[in-house]
Amino acid sequence: MSKKLKLGIPKGSLQDATIALFARAGWNIYASGRSYFPSIDDTEIECMLVRAQEMARYVETGALDAGLTGNDWILENLADVERVTSLTYSKASRTKVKWVLAVPEDSPYQKAEDLAGKTIATELVEYSKRFFAERNIPVKVEFSWGATEVKPPMLADAIVEVTETGSSLRANRLRIIEVLMESETQLIANKAAWQDEFKRKKIETLSLMLNGAMAAQSQIGLMLNVEKTNLDAVLDVLPALNSPTVSELRDKNWVAVNTILEQHTVRDIVPKLKAAGGTGIVEFPLSKVVL
Ligand SMILES: Nc1ncnc2c1ncn2[C@@H]1O[C@H](COP(=O)(O)OP(=O)(O)OP(=O)(O)O)[C@@H](O)[C@H]1O
Ligand SMILES: O=P(O)(O)OC[C@H]1O[C@H](OP(=O)(O)OP(=O)(O)O)[C@H](O)[C@@H]1O
Ligand SMILES: [Mg+2]
């Protein structure tokens, strides 16, 4: 039988973003209907959809060789797994999520200590208990099945909840009084699988290509032509860290400059390049950036 890597894809908030990232990295995953075994166009990988909350546990026991989940659930479960790489993406954006302690906007609570003797609702029970215990704040931490933001002040005094854009907290008139943790997606591996040559190689390849696809998303390629007399002025505009490729054009007085830029810098840099004598400036998207 050919060897296969058992890979867990997170079901729920991270599912769509994960499948989209794999597509950019070079693997097409098809999650159809109610099946929990999505197909993947790689005969060496077998995929399974697993809740993010349980991923680290199944990777720890070896039911899965590797998987993707948030750092939050690895810490909640205190799972003993190999952290292969962090990938900064969430449900809707390429940012980290925050787990926050939130209270009703008009409540008197200003800090965690003010909640002594009160009830906290959360999905992240064990981590929250540890947070309050370390600070010697006696609270009652209650498990919440979701829709946690609606609970204060009727069903709980405060909540510990995950937030990405902040819109759920705002919509429920809640105020953050403490950030317990920042969390991002992790590629994790079972410790024994990590010692297996075939599996480790496969996981490392995934890590390299997923990171390459992540990096490419925030960067763009830029090329332009410039007269040699203006080359220094153009190079001065480009960030010092990137070393651009400068190549001769048929007209010996001109060169082409090729470089990679952070996407968010482009709107500032392109006008400066043009002012410095750059012409024929072309921006193009990148599929992978592997350094
Ligand atoms: N906007 C977000 N909201 C919630 N979780 C997010 C978000 N972005 C990233 N995550 C991460 O997704 C994981 C939670 O995913 P999971 O699917 O298990 O729970 P869920 O968000 O409650 O799913 P559901 O869609 O069933 O509500 C956590 O690791 C969390 O950090
Ligand atoms: O800061 P925001 O961008 O608003 O994102 C955070 C919200 O998204 C998640 O809810 P989810 O969609 O998983 O619903 P749930 O309450 O049923 O878990 C999470 O539990 C928060 O409610
Ligand atoms: Mg949820």
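## Confidence and conventions

The model is predicted, with a mean pLDDT (the predictor's confidence in each residue, from 0 to 100) of 95 for the protein; 99% of the residues reach 70 or more. For the complex, the predictor gives a pTM of 0.90 and an ipTM of 0.94.

Residues are numbered from 1 along each chain as its sequence is written, while chains are lettered from A and ligands numbered from 1 in the order in which they are written. In this predicted model local features need pLDDT of at least 70, side-chain atom pairs count only at pLDDT 80 or more, and totals for chains, interfaces and linings use all residues; side-chain values use heavy atoms, without hydrogens and water.

## Largest pocket

A pocket is an open set of points on a 1 Å grid over the protein atoms alone, where a 1.4 Å probe fits, with protein on both sides within 12 Å along at least five of seven lines; lining residues have an atom within 4 Å of a point. The largest one has a volume (space filled by probe spheres set on the points) of about 740 Å³. It is lined by 32 residues, and the closest to its centre are Ser-13, Lys-91, Val-97, Val-162 and Glu-164.

Strand 10 gives the most to this lining, three residues (strands are DSSP E runs of at least two residues, numbered from the N terminus).

Four strands form an open antiparallel sheet in the order 14-15-13-16, where pairing requires at least two DSSP bridges. Strand 14 (245–248) and strand 16 (279–285) are its edges. Strands 14 and 15 (254–262) pair over four bridges, with Glu-248 opposite Val-255 in strand 15.
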